[in-house]
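This report looks at charged side-chain pairs. It covers who pairs with whom and where the partners sit.

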Amino acid sequence: MDHTKRQPRKMGWRFAFLAAILAVAVSGLVRSLWLDVYFIPSASMEPVLEGGDRILVSRTDFRAEPIRRGDIVVFDGRGSFAPLNSGKGPLADTAAAVTHWVGLTGSDTTYVKRVIGLPGDSVACCDGGGNVTVNGEPLAEPYIFNGDAPSTQRFSAVVPDGRLWLMGDHRSVSADSRSLLGAPGGGMVPLDRVIGRPVHIIWPLDRFASVPRPPAGPTTENGQ
């Protein structure tokens, strides 16, 4: 029997296997420290992000500059937007985590919303012009989905220290801080649950584009 051909073949399979393991390890390291990929499952952030988009998320942007009003954030909603425990069991949770990690599905506990209220802000809706107000001033919101009102639900809240008031851009279909005022945490998300900022749409290819960060400065109609 000729073993000379079998030996290189075995070595080739071993090399390919080790290379695959290394690639997964490097990808995991990059995604946990710098850049991650997330799937947008719903229309709540239209028109900026559409259902089915895959987005590249920077985990480091908010380390260089703090979160500001108007930023879009990806966050872990457990304990605020979602229960801490899914109740589905470890096997289902693991399967969901794997399909989410490879970008095939969205996550039941990861959300994308826009920052409307920062710690200490008073947020309310609506003033005489139908606008959301922050600290008594009407908020300039050019990003709202065409035809949507800033909110059809009235609310008033003060954002506690270390938390954010978040809303979707497609207000009529977005479940956000407004929907959870009576829940634990009042629908406001802890700052340490923020994963990062969407920086690029990478799929589908016809929507390949950067996701610009709103400029620093006034966000209310009166320039405050």
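A salt bridge here is a side-chain nitrogen of Lys or Arg within 4 Å of a carboxyl oxygen of Asp or Glu. D76 is buried, with a relative accessible area of 10%.

D76 also forms a salt bridge with R193, at 2.9 Å between the closest N and O atoms. D76 lies in strand β3 (72-76) and R193 in the loop between β10 (189-190) and β11 (194-203), so the pair ties together parts 117 residues apart in sequence. Strands are DSSP runs of E with at least two residues, helices are runs of H or I with at least four, and both are numbered from the N terminus. R193 is partly exposed, at 25%.

## Model and numbering

The model is predicted: local features need pLDDT of at least 70, side-chain atom pairs count only at pLDDT 80 or more, and totals for chains, interfaces and linings use all residues. Residues are numbered from 1 along each chain as its sequence is written, and side-chain values use heavy atoms, leaving out hydrogens and water.

## D36 and R59

D36 forms a salt bridge with R59, the closest N and O atoms being 3.1 Å apart. D36 sits in strand β1 (35-39) and R59 in the loop between β2 (54-58) and α2 (61-64), so the pair ties together parts 23 residues apart in sequence. D36 is buried at 5% relative accessible area. R59 is partly exposed at 23%.

## Network and total

E65, R68, D71 and R213 are linked in a network of salt bridges. The count comes to 13 salt bridges.

Definitions and conventions: Buried < 20%, exposed > 50% of the residue type's maximum accessible area, 1.4 Å probe, protein only.
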